[in-house]
Amino acid sequence: MQTRNYEDQLKATHQAESSNRGKSQFLANMSYELRTPFNAMLGMLSLLDKTQLDPQQQDLIETTKNSAEHLLRLLNDILEVSALEAGQLNIHSEPVDMAALLQDVFRLMRCMANQKNLAFYLEGDVHTPQWVATAPTRVRQILYKLLSNAIQYTESGSIHIEARVKLHDKRMHWTIDVKDTGIGMSAETMHGLFQHMPSGDMGLNRSGLGLEISRALARLMGGDLTVTSRLGHGSCFCFELVMLQAAPPKPQASPLVPILVAHQPIRSDLQPQEPLQVLVAEDHPINRKVVGMLLQTMGHQVTFAEDGLKALDLARSQDFDVVLMDIHMPEMDGLTSTRHIRELPTPRSQVPIVALTADVMNDAEQRAMDAGMNAFLAKPLRKAQLEAVLGRACKRQPLL
């Protein structure tokens, strides 16, 4: 009897693992297929927005863009929740100056607060370096979510970020409160706030799917995310983290430094200052059209390759300032093409290569970095993201 029970349990485990693999592959395929038309739609809308439009046309374009952006955020949230449930969302820790990170987040989000004439404050232990081991991309993702919500649901008054840190047994205990004077929430709304389908007044729910992800990420990093609020009296989200102390990283000697831009606003001060010779490796004709038009409006010269093999041949015979490389292409994929480019004689082997792909699952970013790419841009492509990367490339700076 024991043997049969063990065999039944083993069979059930194998079936569950097979089901999870099938689910992950389905989500990866759906994500890839959906991001391709999103890239064309948002790219063309962005270009159309720069043309001469009357007020009604401008309003229609803006409404369409907002709707497309909302659908994309939902897609990203669904993928993250699925990855969390499958245990496939990895947390990569590295030395991080938390004080500098908080100051950077504050500077980036201050523009949004200023647009609504909200007072915006950063207070606490943020004036001296505080090096810890954590995942900076995920910390930023949580803070951006909390601050975006605070700004969205506050029409007047102020938003405070209060950061406090205590040292205990070489561990840094951080408490980061995001307080607003906004509309607040009822007890019923707060009860379902971190669930897939928030309960309570849906007009006052604060994007429960995104908050569920934020809390799950906080807990994966050894912390938590909680909330206190009163309807009509604002809210306070408390983001707690417990992290090991870390030494500052040594300066990087290599000029090839990666940039990951999936979860953060893009700095607008990194603008290209000179025309670049850009090689675009992309097999989809509509994507080639979108990227080509974006680059041309920025004043750059564009050469196209329809697959990774042609990209390699062009990179071998011509000098380019930067390569935008799709990952999934016929003949030769972008990862293989990148590896071969890195084997070319210097200086052509050192050309900055940026992954430009609709594949955002299954460790796509890490695989791109391992292949020798310097940056990762997920489709749909934003002009501001492209400008940030090319602005560094044209100044011959690391792609930070």
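What follows is a chat about a predicted model of one protein chain.

Biologist: Hi! How many helices and strands are there in the chain?

Modeller: Hello! This is a predicted model, and its chain has 11 helices and 13 strands.

Biologist: And what share of the residues counts as buried?

Modeller: The chain has 400 residues, and 46% of them count as buried.

Biologist: What share of the contacts joins residues at least 24 apart?

Modeller: If you take contacts between residues at least 6 apart in sequence, 72% of them join residues at least 24 apart.

Biologist: Let's look at some helices. At what angle do α8 and α9 pack?

Modeller: The angle is about 20°, and the axes are 8 Å apart. To find them, look at residues 308-317 for α8 and residues 334-341 for α9.

Biologist: Are those two roughly parallel or roughly antiparallel?

Modeller: Angles under 35 degrees count as roughly parallel, so α8 and α9 are roughly parallel to each other. As for handedness, α8 passes α9 in a right-handed crossing.

Biologist: Which residues meet there?

Modeller: From α8 you have G308, A311, L312 and A315, and across from them in α9 are S337, H340 and I341. The residues of this contact divide into 4 nonpolar and 3 polar, with no charged ones.

Biologist: Now α3 and α4, how do their axes cross?

Modeller: Helix α3 covers residues 98-115 and helix α4 covers residues 136-152. Their axes cross at roughly 30° and come within 10 Å. The crossing of α3 and α4 is right-handed.

Biologist: Which residues of α3 and α4 meet?

Modeller: On the α3 side they include M98, L101, L102, V105 and L108. On the α4 side they include P136, V139, L143, Y144 and L147. D104 in α3 and R140 in α4 are also among the residues that meet. The contact of α3 with α4 divides into 14 nonpolar residues, 1 polar and 2 charged.

Biologist: Changing topic: where does D283 lie?

Modeller: D283 is in the loop between β9 (277-281) and α7 (285-297). D283 is partly exposed, with a relative accessible area of 30%.

Biologist: Which residues is D283 in contact with, leaving aside neighbours within four places in sequence?

Modeller: Those are R288, E306, D326, H328, M329 and P330.

Biologist: And how far apart are D283 and G308?

Modeller: They are 25 residues apart in sequence, and 8.8 Å apart in space from C-alpha to C-alpha.

Biologist: Next, some backbone details. Which peptide bond is cis, with omega near 10°?

Modeller: That is the bond from T346 to P347. P347 sits in the loop between α9 and β12 (353-357).

Biologist: What about N117, what is its phi?

Modeller: N117 has a positive phi of about 55°, although N117 is not a glycine. This residue lies in the loop between α3 and β2 (119-124).

Biologist: Is N117 buried or exposed?

Modeller: N117 is exposed, with a relative accessible area of 69%.

Biologist: And what is the phi of E331?

Modeller: E331 isn't a glycine, but its phi is positive, about 70°. You'll find E331 in the loop between β11 (322-325) and α9. E331 is exposed, and its relative accessible area is 67%.

Terms used:
Residues are numbered from 1 along each chain as its sequence is written. This is a predicted model: local features need pLDDT of at least 70, side-chain atom pairs count only at pLDDT 80 or more; totals for chains, interfaces and linings use all residues. Side-chain values use heavy atoms; hydrogens and water are left out. Helices (H or I, at least four residues) and strands (E, at least two) are DSSP runs, numbered from the N terminus. Buried means under 20% relative accessible area, exposed over 50%, partly exposed in between (1.4 Å probe, protein chains only). Contact means heavy atoms within 4.5 Å. Axes are lines fitted to C-alpha atoms, for helices over the stretch in contact, and angles run from 0 to 180 degrees between N-to-C directions. Angles under 35 degrees count as roughly parallel, over 145 as roughly antiparallel, 65 to 115 as roughly perpendicular and the rest as oblique. A crossing is left-handed if the near helix is turned anticlockwise from the far one by less than a right angle, and right-handed if clockwise. Ala, Val, Leu, Ile, Met, Phe, Trp, Tyr, Cys and Pro count as nonpolar, Asp, Glu, Lys and Arg as charged, and the others, Gly among them, as polar.
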